[in-house]
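Keep the sequence and the 3D view open as you read.

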Amino acid sequence: MGKTHLARAVEIAVTEHFDVTWLIGQQLLAAVPFAVLQFLLPSIRLDGRGKPVVSGMDVVQMLHEVILSKSVLQQKPALLLVDNAQWIDESSCAVLEQLAVSGAVQILMLCRPGHSSVAQSSLFTDDTMQAQYTLSTLTTAEVLSVCETRLGGKVVPGVAAVLASLSGGHPLFLHAIIETALEKSAFVRHGHIWALATVPTELDPNISDVAMDLFNEYEFNEQQILEVVALAEPLSEAVLHRIFPGTGYERLIDSNVLRASRGVAATVQFVSPVFGQSLRERIPVGRSIDIRAQVLASRATQPLSSSTLLRHIGWGLDCGAGVPERSLLHGARLANLHNDARLALRLAAAVTDPHYSFRAGLERVLACIKLQDFAQGRVILEDLEAEVSDRNECDSVGTLAAMMAASLGYPKEHLEILARRWREKYAQMGLGHCSGAELVEALIVVKAGYFLPETQRRRLVEIGASAGQVGLRFAATALLAHAEIIEGNHVAAEQNFVRAQSLLQKHPGWLGMFRNVLTGQYMLFLAAIGSPERALNLLAMSRFEAQGNTTMELHGVVEFVRALAQLGQGEVVVAAAIFDVAIAALGEADPVDVLPYALALAAYTQHLLGDHAKAAVLAREFHALTVNDSVPKWLLSRAYLAFAGAVPGIAGTTFQVLHDLAEQARHHGAAAMEMTIHSILLRAGCTAHIARMLEIDIKPAGPAIPMMTAMVRALLDEDVKALEKIADMPGAEENKMLAAEALSQALLIHTKCGNHQGRLEVLKRIRLLLLPLQAIGSVAIAELAAAAELTEREKEIAVLLHHRHSNRDIAEKFTLSQRTIEGHVYKIYSKLGVGNREELYEPWLLKLLSI
C-alpha cells in the first residue's frame, strides 16, 4: 500500500542526517543470484551456468565497503533503503542478513505482505529487527485520531467520515488529503474545534504522486485492470471477466484497492475515490478510447445502472466520442442527482440542440447553485427567464431562483423581489394564480416563526395536492410541516415531513439539494418532541447516500441533536462538550439556520455548569448573529438565554422576562414555542402560570409533551402518585431529565407532607435513573441535590464505604473515633435515602457524586 511513496518520504525526512543508498527489487530478476546488488556491485561476475564466481562473504564485504566509503565521504551514518524487498533473490537476501547482523549499516525494508524469501529470513526476527510497521487500512475512528493528532485539536467527528470515504482509509492518501486541505485552508478552527469548510475535490500533485507510486507497485496485468476500472467504475464484474478472462483481481481486493459488491449485478470499483480519479486523469486519450471500445464490446445487452451510465456519458465526452445531445442532457440530470455538479455543468454546457437547450440551462443553474457559483447561476437564470414560454417553464425558473435564495439563507428582500417578478411573469403570459409567488410569501411568514393565516394554509394544501411542478408541491408540503410545528400540531407536522420525504425520494434530481434541509429540519423536530434516537436514526434510514459537501452540511445538525439527547439525559458536561463541536460545524454549514439556537442552548448549558463567563460569551455570539431577534423565531432562544441571565438590556426578574416571552409566543399563535417557554418557567421554579400549559392546544407526536402535561396536571392536583408514574411513561428513558423533574416534584410534596417513607422511595427511584445531581436547571432537582448534598468529609466517607471499607478502617484513616464515623454514616444514609451499606456498593453513588 504505497511502499515506494513512503520510502521517498522517509528519504526526504532523514536525508540531512543519513547517507541513503537505495536497492530496488524487481520481479523479473527475483531468481537471478545477487541481481538486486548489481547496481551497487557491477564487479560481481557469473559463470556460464549463472552462478556467482565470488562467495557470499566476499559480496558482503564488497557491499559493506561500498556503502561505508560513500557514508564516510558524506560524513553521515549509512542507511540502506530496500524497496520491493519481496522480489529480492535468495543470495542477495543472505548478504543483507549478514549486513544486518553486523550492525554496521541500518536497513529499512519495504516489503509486501505474503510469502517471499525475505519474509522467511532472519531479517524479520527480534535479533535484527528494531521495529516493524504494517501499513493497513484505517477505520473511521482511526482516521479521526490521525486528524486530531495532525491538527493538534478536536475535530468534528463527521469530518473523519468524509476523509475516510475519500481516502478509502488508505493512510498515505489520507495524509495527502489532509495536507492538501491545510494548504488550501479547507480546515477552519472554531475555538478549539476543527471543522472542514470544503472538501478538496481537485487533485493535488501530492495525491497524484501517491496514486502513481501505488499503481507502479502492481504487475502489468493488474495495472490494466486498474485502468479499466478507473475509467468505467462502477464496472460490472461480468464485463471485467469478459475483458480479462482467466485473470484474477483477488489481490487487488485483498490489498483493499478495489472492492466488489455482491449479488446478481455485482460491480467493482475503487475503495479510495481519489485513487480512481488520479488514474483517470493520467490515462492518455488514445488509451482511454481503446478501453472504452473494449468495455462497450464486452457489455453486450447488459443494462447499466444510473451511476455506470453517467460514467459512460462523461467518459464519451472526455474521449471526444459522439455523444447524442439527449444523452448529454440525461447525463447532466444524473450528475446533479449524484451530486457531481462539476460534471453536470460540463455535460449541460455541451448541449447545443435548441430542442434541449432550455432544459440543459436548468441543469446548469442547478449545478451552479450546488457549486455556490451564484454569479454564473444568475446570468444563466436571466437568459432562461427571457426564453420562458409556458407555465411549467416559468415555474421551473422560479423554483431555481427560490433554491438560490435558500442557499443564500433566505434573505427577506430577495424573496420579496422573487415573488413580485414571478407574479409579473404570470401576468405577462396571461396565467391565473401564481402558486410559486404564494409559496414564497408563505415562506417569508413561516421562516420568521409567525402563525400562518388560514387562507395561506389552504393554498399550501391545494398546491401540495396538485399535479403541478414537483418543486412547488415539495415546497408547499415542507412549509406546511413548519406551520404545523409552530401551531403545535405535531401529528400533522410529522405527516407532512413524511410526504415531503416521499416526494424527494421520487424526484431526487431537482429536489436532491433540499435533502439535507428537509432531513435536518425533521431531525430537529424529532429531537424537540423528545425522540432524539429517532432523529439520529433518520440519516441511516435514508435511501439516498450523500457524499462530500452534501454529507458535511449535516455534521453540525447531527452534533446538535446529539447534544440535545445528552442534555435530555442529564449529562450536562457531555452535552456542553458536544455543543462546542456542533457550533464549530454549524459555523461552516448550517442548512437549517439553527446556529443561533445552538448558541443559546450552549449558553444555557454553561450556566447550568456554573461557567457564567462562557455563557455570556455564547450569548454575545447569539446576539451578533440575530440582528432582529424580536421575531417569533428567536423567542425560544431568548428564553434559554433569559434563564441563563444572558439577555442584555431587559429589565425585570427572570420570571417576568420568561412570562413576557411566553405571552409573545401566545400572541403570535406559536403554541409549541409557548409550551416550551412555560416549561422553562416551571424548571426555574415558577408555578404561577402552569394552568395555562393545559390550555395550550398541542397535538403531540412524541413523548416530551405528554410527560410535561401529565406533570402539570399532577402538580395542580398535588397528586404525588401521578408524578411518580411519569418516570414510567413511554419515552421516559430518552427523557430522563423530565422524569427526574417529575420525581423531584414528588419529593418536594412528600417533604412538605412529612412523608419520610415516601421521600425515601422517591430518592431510590431517582438514583436508579443514574442522573448526576448537579445544578441541572430544575429548581426541584436543585433542591433534591441540596437535600442529598454531602459535606466534603461525608463525601469522602461515602466513597470509602462504596469501596467496602469498614468503619474501623475509615476511623483509622481520618484519626477519628468509630462512634464519630458511625454518626457520619447515619447522616449519609439519611441524606441519600439508603437503608443499608450494600446499597452504597452500587454504581449510582459515584455517578450521583459526579466522580
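Start with an open sheet of 3 strands, arranged in the order β1-β2-β3 with parallel pairing. At its edges are β1 (19-24) and β3 (106-109), each of which pairs on one side only. On average, neighbouring strands of this sheet are turned by 20° against each other, direction ignored. Strands and helices here are DSSP runs numbered from the N terminus: a helix is H or I with at least four residues, and a strand is E with at least two. Two strands count as paired if DSSP finds at least two bridges between them.

A word on the source: this is a predicted model, in which local features need pLDDT of at least 70 and side-chain atom pairs count only at pLDDT 80 or more, while totals for chains, interfaces and linings use all residues. Residues are numbered from 1 along each chain as its sequence is written, and side-chain values use heavy atoms, with hydrogens and water left out.

Strands of a sheet pair through backbone hydrogen bonds, either parallel or antiparallel. Between β1 and β2 (residues 78-83), which run parallel, there are 6 bridges. Within this pair, L23 stands opposite V82 in β2.

The table gives their angles; axes are lines fitted to C-alpha atoms, for helices over the stretch in contact, and angles run from 0 to 180 degrees between N-to-C directions.

| Helix | Lies across | Angle |
|---|---|---|
| α2 (residues 56-74) | β1 and β2 | about 150° to β1 |
| α3 (residues 90-102) | β1, β2 and β3 | about 150° to β2 |

Now for another sheet. It is open too, with 3 strands in the order β4-β6-β5 and mixed pairing. Because β4 (154-155) and β5 stand at the edges with a single partner strand each, one side of each is left without a neighbour in the sheet. Strands β5 (residues 187-190) and β6 (residues 193-196) pair in the antiparallel sense over 4 bridges. Here F187 stands opposite L196, and H190 stands opposite I193. The hairpin of β5 and β6 has 2 residues between the strands, and G191 takes a positive phi near 65° there.

Next, the helices. Two packed helices are described by the angle between their axes and the distance between the axes. For α20 (residues 435-447) and α21 (residues 454-465), the angle is about 130° and the axes are 10 Å apart. That makes α20 oblique to α21; angles under 35 degrees count as roughly parallel, over 145 as roughly antiparallel, 65 to 115 as roughly perpendicular and the rest as oblique. The contact (heavy atoms within 4.5 Å) involves residues including L439 and V445 of α20 and L460 and I463 of α21.

Not counting residues up to four places away in sequence, L6 touches L110, L135 and L172. The C-alpha atoms of L6 and V210 are separated by 8.7 Å, although these residues are 204 residues apart along the chain. V210 is one of the buried residues of α7.

Methods. Buried < 20%, exposed > 50% of the residue type's maximum accessible area, 1.4 Å probe, protein only.
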